[in-house]
Amino acid sequence: MQIDVVCDDRYGGEAYAKLFENIIGDIGKSFMIVKARLVLKPEVPLFVFSVILKNAPGCKVMSDAASFRQEGDELYVSISNERYAPDVLSNLWKAYGRPNVDQQTRFDLVVRGAKQEDVESMVISTGEEAIEEILGAFWRALPEGIRVRESMIDGKVITIVATEEIMVKELRDQGMQVHADMIKEGEVIPDV
Amino acid sequence: MFEVMMYDGGVYRSAELFEAIEDIGGTVLHMNRSAQMLMVTMSIPEEDRPVIERISKEIGGDIRSVPLAGTEIAVIGCTLGRHHMPHPVCDIAEIMRQGGAISVVMGLARGRGKKTSQISKREIEIIDEYDAAVFMFGNFKDCIEEKKALLEDIHVPVILVCGPEPDGMEDCCEAIISGVGRKAERMKASEERAKLAEISDAVNEVLMRKKKMLEEDPLFIHPAELKLLLENYEPIDMCLRPAPIVLHLDGLRVKIPYREHKDYFDNLVVYGRKLSEVADIVESKLEDSSTLIKIRTMSQIEDMDRSE
């Protein structure tokens, strides 16, 4: 993840870049972010955090993360994308109950009473969840007193603009400018 | 000269240690037993240190100097929110504890923000109950300098820990340690450990100045001596709270309610005088189940006697 910091306070700029990297790492979303730009103006105060994601968060279904083999009443599930392994398991537990889901190895499961066509289309991750988590990380990284916040989401660019008291037009415009710049930069980055 | 040391080891044969402390004329200031582990903070004559070291070695424990023992220090973050806690506030509190102090972590109710941060009178009164206050501010010079107002009315020594070096804060802080700002992870790197040691040294230096002032005008009774008297009082002896008596440089915090035990505290005889004559005894502002005793100095008592 590349992090650009725009800040006159050298110490604060470096510290916030590290803080941002740590917090995004904590929620396990570093892999989703290609580039981040942090505009920090504590003298105003105005904080703009913006990120370009690898691709626009979309809905993931079970077949995106696992392959299947039906044998009679039993469905053999083989997880192909480890990142979604907890989501696959929890969704199967929820749908068929724990006693009917047998985890043989880390990636291999047997589900009793399941049909492949039902399981394939089960949603394991919605794009909204990822956006919510990234926005939550922004809130954690922003100073606590900077409570007046506005978020902008366009495709794979997420931006939050924040100030302490009143979000006047000039501040919002600065945030929107950063957002527009990031959208432009995001257009030349190919989706992964 | 008495030296404050900490024993860290097992309970096995600890009776021998306690006996030795008593034999050399020392005092146990604080004892914390957790399962089979034992930590004892003691005050012993400097020249008898080898005796205690030998016994500690024999019974398989460690002994080390704890310069901050006998003090209670507040480590204060701007709020209790996850933006300010637990790091690095709790790392600082931990290093104070390793130095022998009883450290308390607290957050202000409205300490966040640049223009909107504030401290209430009650918060100031609570902070003033401690021997020193370590304030933890953030990463931006502008914001730190703006928050000077939070420190201005505090009467106990303030040690400010923050990211960049602020300007114009020297008049409201006894010490400023820069290089530790807001963090989202533990201070584990060697340079961060060195920074924590620097904070501990700064607190020690500030408290040494306070101790020297007390040496010039000593207290009527040393808090450790008063602790020995109070320990015999049954409600304190039976108190299940950890560290029912906490030593301060100029008094004690006793964790039983003042309202219920007013008669005992007021009429306790200390060197032929009632405790209420030689100390200010008040209910703690932090919680009404604790009592705060501030022992008066010899000059204050002489002045009082003269005016009578």
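This is a predicted model: local features need pLDDT of at least 70, side-chain atom pairs count only at pLDDT 80 or more; totals for chains, interfaces and linings use all residues.
The table sets out the overall figures for each chain.

| Chain | Helices and strands | Radius of gyration | C-alpha span along principal axes | Buried residues |
|---|---|---|---|---|
| A | six helices, 11 strands | 21 Å | about 65 × 30 × 25 Å | 32% of 192 residues |

A compact globule of 192 residues would have a radius of gyration near 16 Å, whereas chain A has 21 Å. For chain B the picture is otherwise.

In chain A, take the contacts between residues at least 6 apart in sequence: 57% of them join residues at least 24 apart. In chain B, 66% of the contacts with a separation of 6 or more are between residues 24 or more positions apart.

**Chain A: domains and a helix pair**

Chain A is divided into two domains. Domain 1 is made of two segments, 2–56 and 127–187, and domain 2 covers 60–125. Their C-alpha centres lie 36 Å apart.

Helix H1 (residues 10–26) and helix H5 (residues 127–141) of chain A form a pair. Their axes come within 9 Å and cross at roughly 145°. The crossing of H1(A) with H5(A) is right-handed. Which residues meet there? H1(A) brings A:Leu19, A:Phe20, A:Ile23 and A:Ile24, and H5(A) brings A:Ala137, A:Arg140 and A:Ala141. By class, this contact has six nonpolar residues, no polar ones and one charged.

**Chain A: two loop positions**

A:Pro45 sits in the loop between strand S2 (33–41) and strand S3 (46–53) of chain A.

A:Lys115 lies in the loop between strand S8 (108–112) and helix H4 (116–120) of chain A. Is A:Lys115 buried or exposed? A:Lys115 has 12 other C-beta atoms within 10 Å, so it counts as exposed; the cut-off for exposed is 12 or fewer. A:Lys115 is 40 residues from A:Leu75 in sequence, but the two C-alpha atoms are 6.6 Å apart in space.

**Chain B: domains**

The assignment for chain B gives domain 1 (2–65), domain 2 (72–214) and domain 3 (223–307). The C-alpha centres of domain 2 and domain 3 of chain B are separated by 28 Å. Their contact takes 11 residues from domain 2 and 10 residues from domain 3.

On the domain 2 side, helix H4 (121–127) and helix H6 (190–216) of chain B each supply at least two residues. H6(B) gives the most to that side, with four residues. The domain 2 side divides into four nonpolar, no polar and seven charged residues.

**Chain B: around helix H3**

Helix H3 of chain B spans residues 89–98, and its buried residues are B:Val89, B:Asp91, B:Ile92, B:Ala93, B:Ile95 and B:Met96. What do these buried residues pack against? They meet strands S5 (72–77), S6 (102–107), S7 (132–136) and S8 (158–162), along with helix H6, of chain B.

B:Pro88 is in the loop between S5 and H3 of chain B. The bond from B:His87 to B:Pro88 is cis, with omega near -5°. Just after H3(B), B:Gly100 takes a positive phi of about 105°.

B:Arg13 has a phi near 60°, a positive value in a residue other than glycine. Its loop runs between strand S1 (2–10) and helix H1 (14–23) of chain B. B:Arg13 is partly exposed because it has 13 C-beta neighbours inside 10 Å.

B:Ala243 is not a glycine either, and has a positive phi of about 50°. The loop that holds B:Ala243 is between helix H8 (234–237) and strand S10 (245–248) of chain B. With 15 other C-beta atoms within 10 Å, B:Ala243 is partly exposed.

**Where the chains meet**

In the contact between the chains, 23 residues of chain B touch 18 residues of chain A. The chain B side has four nonpolar, 11 polar and eight charged residues.

Key
Residues are numbered from 1 along each chain as its sequence is written. Chains are lettered from A and ligands numbered from 1 in the order in which they are written. Axes are lines fitted to C-alpha atoms, for helices over the stretch in contact, and angles run from 0 to 180 degrees between N-to-C directions. A crossing is left-handed if the near helix is turned anticlockwise from the far one by less than a right angle, and right-handed if clockwise. Two residues are in contact if their C-beta atoms, placed from the backbone, lie within 7 Å. Ala, Val, Leu, Ile, Met, Phe, Trp, Tyr, Cys and Pro count as nonpolar, Asp, Glu, Lys and Arg as charged, and the others, Gly among them, as polar. Domain bounds come from an automatic or database domain assignment. The radius of gyration is taken over C-alpha atoms; the globule rule is 2.2 Å times the number of residues to the power 0.38. A residue is buried if 20 or more other C-beta atoms lie within 10 Å of its own, exposed if 12 or fewer, and partly exposed in between; C-beta atoms are placed from the backbone.
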